[in-house]
Amino acid sequence: MELIFFGTSAGLPTKDRHTQSIALKLEPYATDVWLFDVGEATQHQILHHSIKLGRVSHIFITHMHGDHVFGLPGVLTSRSFQGGEDKPLTIIGPKGIKSYIETSLTLTHAHLNYPLHVIEINEQLELTIDRFEVSVLPLNHGVPCYGYRVKAPSTPGKLDVAKLQAIGMQPGPMYQHVKNQDTFEFEGVVYDAHHFKDADKQGPIVAIFGDTKPCSNEKILAHHADVMVHEATYIEGDKQLANNYYHSHIDDVFDLIAHADVKHSLLTHLSNRYTKEDIRRIDQQLTKTQNISFQFVEDFDDYSF
């Protein structure tokens, strides 16, 4: 799987950063692409990447602040002309997202050439999408705001060829049948397939957060995540100031990483008060004092896992 960042700024765009938008490529489990938040100019940012809007099957919105949704009408209408014709699209987000979409499309006389389904979150949500398990919980941002936990499907364990050959089964098409089934029949005998393969390999877990000050649901969503995407609006200075504005300070993020046992963290939503040089300097300082795996991301950065 792969995460691609099309916007990494907080609140306002800068010369170097657009506002929030993240793509999640589901390969090798599926060919679809999911978007998380659609800040202003997302449709333009995607033009600089190999991802096509026609491959986007789901869009997840964390909250209704403009830096997370202003690009949505443009993405929806452009998708009609960029491979999306007749391909269903599902949008999941806070209450109000359906009205925002309908109003934008109606007032601009826009017509989509594909089915659009909108799911509004009522406090929390559990979904299974093409064997991906998606958990949604509320955060603490002063407005309805959510975090998403995505667990990829498990894959069958590796076959124990020696055991199969011991019962007389030679390599061939039957091996694939054993790998994908709970039981199999060979020469009149029914076997438990699990005795002939390793345990299933668990799919990776990615946690993607909207804006938030620290809250208990963060630990649930991030628990043992392989990858976490989290806002880092305030990467230095007064921690209380960050929390007063319902945002996270970098110390809050590091505490979450440690308590949730996150393997690697991608920090986005950086305040426009920080220049590239500021971020590089602070990154170097933090790397010396923190024994955790993290990185500040820029527009068009990607991470495979």
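Student: Which exposed residues does helix H10 carry on the face turned away from its buried side?

Tutor: Let's start with the terms: helices (H or I, at least four residues) and strands (E, at least two) are DSSP runs numbered from the N terminus. Buried means under 20% relative accessible area, exposed over 50% and partly exposed in between, using a 1.4 Å probe and protein chains only. On the face of H10 turned away from its buried side, the exposed residues are Glu277 and Lys288.

Student: What kind of model is this, and at which pLDDT do side-chain atom pairs count?

Tutor: Residues are numbered from 1 along each chain as its sequence is written, and side-chain values use heavy atoms, with hydrogens and water left out. This is a predicted model, where totals for chains, interfaces and linings use all residues, local features need pLDDT of at least 70, and side-chain atom pairs count only at pLDDT 80 or more.

Student: Within what arc do the buried residues of H10 fall?

Tutor: Ile279, Ile282 and Leu286 are buried in H10. They line one face of the helix, because seen down its axis (by the directions from the axis to the C-beta atoms) the buried residues fall within an arc of 70 degrees.

Student: What covers the buried residues of H10?

Tutor: Contact here means heavy atoms within 4.5 Å. The cover includes helix H9 (250–260), strand E16 (270–271) and strand E17 (294–296).

Student: Which residue in E17 is the bridge partner of leucine 267?

Tutor: Strand E15 (residues 264–268) and E17 run parallel and are joined by three bridges. In E17, the bridge partner of leucine 267 is phenylalanine 296.

Student: Is strand E3 largely enclosed or open, and why?

Tutor: Ser21, Ala23 and Lys25 on one side of E3 are buried, and so are Ile22 and Leu24 on the other. Because five of the five residues of E3 (residues 21–25) are buried, the strand is largely enclosed.

Student: Which residue of E4 stands opposite leucine 24?

Tutor: E3 pairs with strand E4 (residues 33–38) in the antiparallel sense over five bridges. E3 is also joined to strand E1 (residues 2–7) by five bridges, again antiparallel. In E4, the residue opposite leucine 24 is tryptophan 34.

Student: Is serine 9 buried or exposed, and at what relative accessibility?

Tutor: Serine 9 lies in strand E2 (residues 9–10). Leaving out residues up to four places away in sequence, serine 9 touches several others, including Thr14, Arg17, His269 and Asn272. Serine 9 counts as buried because its relative accessibility is 0%.

Student: Which residue's backbone oxygen does the side chain of serine 9 reach at 2.5 Å?

Tutor: A polar contact is a pair of N or O atoms within 3.5 Å; within protein, one must be able to donate a hydrogen and the other to accept it, and residues adjacent in sequence count only if both atoms are side-chain atoms. At 2.5 Å, the side chain of serine 9 reaches the backbone oxygen of leucine 12.

Key: Two strands pair if DSSP finds at least two bridges between them.
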